Amino acid sequence: MGYSKSDKAETHARIVKVAAKRFRELGLEGIGVADVMKEAGTTVGGFYKHFDSRDELVVEALATAFQDLDRWEEHTDTLTKALENYLCEEHRDAPGAGCALGALLGDMSRASRSAKAVYTERLKRTLAYSTGLVPPKGNSDRRARAILTISAMLGAINLSRAVSDPNLSREILQQTRDQLISLNKPAKPH
């Protein structure tokens with residue numbers, strides 16, 4: 001029995017989807033090709049029918065994970081809403097469905113050049129999007145505040161996941177969220 005192009009495309013998409021979720025949950029080195037293939041319902045022997053290398057899978061999985069971020073940004077129209085949705089316990093507790101920028105931040109310093117390129121392009125898009133959400137405030141540079149805000153968001157979500165004390169984890173999220181909202185309040189009219 002033959003294997004049609006549509007079957008191959010479906011299988012390929014399923015493998016990438018599994019990898020996108022599991023890489024966010026476990027890190028780029030936290031799960032091997034064999035486990036991804038098994039979870040996708042196929043054999044490890046079929047890997048090279050779909051990808052030239054593990055890195056190719058990583059790059060495709062990153063791109064797929066970033067599509068979730070695209071959808072999230074489409075439905076977030078204020079910086080306050082973005083901060084409330086990002087710096088919350090629900091997001092902290094669901095890295096596999098959450099922001100890949102945050103979930104994979106620690107992995108990217110050791111990632112391949114091609115994976116870093118995909119990550120960098122996504123960060124640039126998110127920075128442009130976030131700069132548009134930052135309200136004008138006197139002579140303050142909106143892009144600079146967007147960089148600070150994104151850096152604090154990524155750091156806070158990672159710190160909140162890293163600590164074992166649930167109260168401290170909640171405090172990291174809440175205090176970072178509250179401070180960033182305060183920092184980015186629109187300027188009061190004179």
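The structure is a predicted model, in which local features require pLDDT of at least 70, side-chain atom pairs count only at pLDDT 80 or more, and totals for chains, interfaces and linings use all residues. Residues are numbered from 1 along each chain as its sequence is written, and side-chain values use heavy atoms, with hydrogens and water left out.

The protein contains 11 helices and zero strands; here helices (H or I, at least four residues) and strands (E, at least two) are DSSP runs, numbered from the N terminus. In sequence order the pattern is accordingly α-α-α-α-α-α-α-α-α-α-α. The C-alpha trace spans about 75 × 35 × 30 Å along its principal axes. Of the 190 residues, 41% count as buried, where buried means under 20% relative accessible area, exposed over 50%, and partly exposed in between (1.4 Å probe, protein chains only). A contact is defined by heavy atoms within 4.5 Å. Among contacts with a separation of 6 or more, 68% join residues 24 or more positions apart.

In soluble globular proteins, nonpolar side chains tend to be buried together. A nonpolar core is defined as a set of buried Ala, Val, Leu, Ile, Met, Phe, Trp, Tyr and Cys residues joined through side-chain atoms within 4.5 Å. The largest such core has 48 residues, of which F23, L57, L87 and M108 touch the most other members. At least two residues of this core come from each of α1 (5-26), α2 (33-39), α4, α5, α7 (100-103), α9, α10 and α11 (166-183). Helix α4 supplies the largest share, seven residues. Leaving aside neighbours within four places in sequence, F23 is in contact with L28, I31, R54, L57, V58, A61 and L104.

Grid points are joined across faces, edges and corners, and a volume is the space filled by probe spheres set on the points.

The structure holds one cavity of 30 Å³ or more, and the largest cavity has a volume of about 150 Å³. Its lining comprises 16 residues, with W72, T126, S130, I150 and M153 the closest to its centre. Two or more lining residues come from each of α4 (54-74), α5 (79-86), α9 (113-133) and α10 (142-162). This lining divides into 12 nonpolar, three polar and one charged; Ala, Val, Leu, Ile, Met, Phe, Trp, Tyr, Cys and Pro count as nonpolar, Asp, Glu, Lys and Arg as charged, and the others, Gly among them, as polar.

The largest pocket has a volume of about 160 Å³. Among its 13 lining residues, K17, A20, K21, R24 and D68 are the closest to the centre. Helices α1 and α4 each supply at least two residues of the pocket lining, and α1 gives the largest share, six residues. The pocket lining divides into four nonpolar, three polar and six charged residues.

Finally, T80 is found in helix α5. Because its relative accessibility is 34%, T80 counts as partly exposed. The C-alpha atoms of T80 and I181 are separated by 5.9 Å, although these residues lie 101 residues apart along the chain.

Terms used: On a 1 Å grid over the protein atoms alone, a cavity is a set of points where a 1.4 Å probe fits but cannot get out, and a pocket is an open set with protein on both sides within 12 Å along at least five of seven lines; lining residues have an atom within 4 Å of a point.
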